[in-house]
Every structure is written in structure tokens, then in C-alpha cells.
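This briefing goes through selected computed features of one structure, grouped by topic.

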Amino acid sequence: MSNSSKEREKHDIESGHHPREDSEYDRLVVSNEPNADGMDILQPRSPLRCTTFSWWIKTFVYCIFAIILLLVFLKWGAPFLFEKVLIPIMQWEATAFGRPVLAVVLVTSLALFPVFLIPSGPSMWLAGMIFGYDLGFLIIMVGTTIGMVLPYLVGLRFRERIHHWLRKWPQTAAVVRLAGEGDWFHQFKVVALFRVSPFPYTIFNYAVVVTNMKFWPYLCGSITGMIPEAFIYIYSGRLIRTLANVRYGNHHFTTVEIVYNVVSFIIAIITTVAFTVYAKRALNDLGNRETAVEYESVSYQGGLEMESEKR
């Protein structure tokens, strides 16, 4: 060993430090470079700025793309929708059925469509267009409540098949499994969040039966989560009918009506986005929390096994 190495080892012993086994360990662990805090200060922030800049670029591109799609829809899609779909439906419902019969038809469609995995949005739009906020809301809530109970009862008879089907999509199964965890209020809250979130509710009605979800928190959470969606569908249905009357009828907007419709439309969009983002973030937080709990449980069990092996 050289004199410099002996002197450094002697200095380490006198200062209370243990000698290093080799110079490589000394270079990696006890280097003269700045510590972690210093490195955080000295490191350039250009990657963060690049990430933020790229995010703004993507957001700008998506906004431009969405505006282009909206203009195309307003130019060609909306007139086709009004002339070929909405106007015939409004004329049909005015002549073919009375209002009581039409209410029964809408409730029946809202109840049966989810059983066959058919979206019930058009029926909710019609309920809003024809019956308005009071009776339309009642029709939507009665129909969708039945439409959430029937798939749950049907799914209980095919629980094993649904469980086998969910194995093909482990990420979906992991998300649905959150609904069956915890106590009554936790299940109620998670189901309400699922109803507000973008998760397909027709699939959720069946998939939830493979969890520990109880019926009453499922039902109460589903009804609570459907209330905001019902009002949004009613509002959009009424707005579509008003636009159809302006475009093809004798109705003309006043200044107050224009301001009211524009402001209410903006509020509806903001409310929809806010509910969706909040529900998605809340479900992600619950998933991360569940993962952390499982990781701590596995780590604790591993520690107990290591201690038992040492003994």
C-alpha cells in the first residue's frame, strides 16, 4: 500500500470514520461532488420548461382540432341531424303517441337499453325535448333506476362468466374492484363517482357484481350520480329543440334569449368537464391509495417472513 493510502487510512481512523474497502466505493459514496440538495439547485431546469412548452403545444393543437370539428359539424352535421333525425322524431311523437304513452315508451327504453348494452342517451334527450325539466327529470330517473337494477340482477346469475370475461382486461377489473372495497359510505361514494366519470356505465352495471358491492349502496350511489347527468341531458335536449324551432319554425331569438342560451351553454360545458375531471381524479386517488396499502401490506409480510427466517 502506498504512503498516501496509509496516511488517508490513518486519518480516517483518527477522525472516527471507518476505512473504505476500495477506492471505487469511496468515489461513489463519499465523493467531493455537491450533495442531493445542491444538485437540485445546480441542475438546469430546461427539461421541465421543455415539457411545459410541449404540453401547451399539444393543448393548442387539440383545441384547434376541436374547433375545426365543431365548425364542420355546425356546417354539415347539424343541418343533417335536424332535417333527417330531430324533425321527423318531433313530428312522429306529436302525431303517433299521446304524452302518457310516450312517457311509458321512454321509461321502457331507459330501463331495457342498458340490459342489452345500448346507450340510453337518445331517450334522455327525447325526454328533455318533449317533457322538459319537471316531468322529463322524473321519466329519466325512473327509467335509469330500473335500467341500473335490471343489469345488476341479471349479472348476479352470470357472475362466474363476467369474472372470467374481466380477466381479459385486468386494468378494467382493477378499477371496478375499487367499488366493492370499504364500508357502506365508501361504496356509495365510489359508485356515484363512477356514474359521473367517463367509465361506460352499461359495462359497470354488470362488472360490479364480481366485487363485494352491496345492493343498497350501489342503488343509492347510482341514483345520486345520475342526477347531474339527467339535468345535462334535459338541458341539451331543450336546447336542441329550441335551435330546431329557430331553424325550421317561426321562432326568433330575442337578445335576452341569445344571452341566456350562450351563458347557460357555457355553464353546462364547464359543469360537465368539472364533474368528469373531479370524478376521474378521485377514482385515480382511490386507486393509488389502494395500491399503496397493498404495497405496505406486502412489505410488512415480507419483513415478518425475514424475521422468522432469522430466528
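**Annotated spans, aromatic pairs and a salt bridge**

Residues 258-279 are 100% helix and 0% strand, with end C-alpha atoms 32 Å apart. The model is predicted.

**Annotated spans**

- An unreviewed UniProt entry carries the annotation "transmembrane region" for residues 55-76, 97-118, 130-154, 215-235 and 258-279.
- In the model, residues 97-118 are 64% helix and 0% strand.
- The end C-alpha atoms of residues 97-118 are 23 Å apart.

**Aromatic pairs**

- The structure has 11 aromatic pairs.
- The ring centres of W125 and Y233 are 5.4 Å apart and the planes meet at 65°, so this pair is edge-to-face; planes over 60 degrees apart count as such.
- W125 belongs to helix α6 (residues 121-131) and Y233 to helix α12 (residues 215-248), so the pair ties together parts that are 108 residues apart in sequence.
- W125 is partly exposed, at 36% relative accessibility.
- For F194 and F204, the ring centres are 4.6 Å apart and the planes are at 20°, so the pair is stacked; the cut-off for stacking is under 30 degrees.
- F194 sits in helix α10 (residues 184-196) and F204 in helix α11 (residues 201-207), and the two residues are 10 apart in the chain.
- F194 is buried, with 1% relative accessibility, and F204 is also buried, with 1%.
- One aromatic cluster is made up of Y152, F215, W216 and Y218.

**Helix α10**

- Helix α10 has 13 residues and, at 1.5 Å a residue, should span 18 Å; its end C-alpha atoms are 19 Å apart, which agrees.
- The buried residues of α10 are H186, Q187, F188, V190, V191, A192, L193, F194 and R195.
- F194 therefore counts among the buried residues of this helix, at 1% relative accessibility, and is the α10 partner in the pair with F204.

**Charged side chains**

- Side chains of opposite charge can pair when their charged atoms come close.
- The count for this structure is 1 salt bridge.
- This salt bridge joins the side chains of R177 and E181, with an N to O distance of 3.8 Å; the cut-off is within 4 Å.
- R177 is partly exposed, with a relative accessible area of 35%.
- E181 is likewise partly exposed, at 25% relative accessibility.

Technical notes:
Residues numbered from 1 in each chain as written. Predicted model: local features only at pLDDT ≥ 70, side-chain atom pairs only at ≥ 80, totals over all residues. Heavy atoms only, no water. Phe/Tyr/Trp six-rings, centres within 6.5 Å; stacked < 30°, edge-to-face > 60°. Helix = DSSP H or I, 4+ residues; strand = E, 2+ residues; numbered from the N terminus. Buried < 20%, exposed > 50% of the residue type's maximum accessible area, 1.4 Å probe, protein only. Expected span 1.5 Å × (residues − 1). UniProt positions renumbered as here; feature names shortened; annotations may be inferred.
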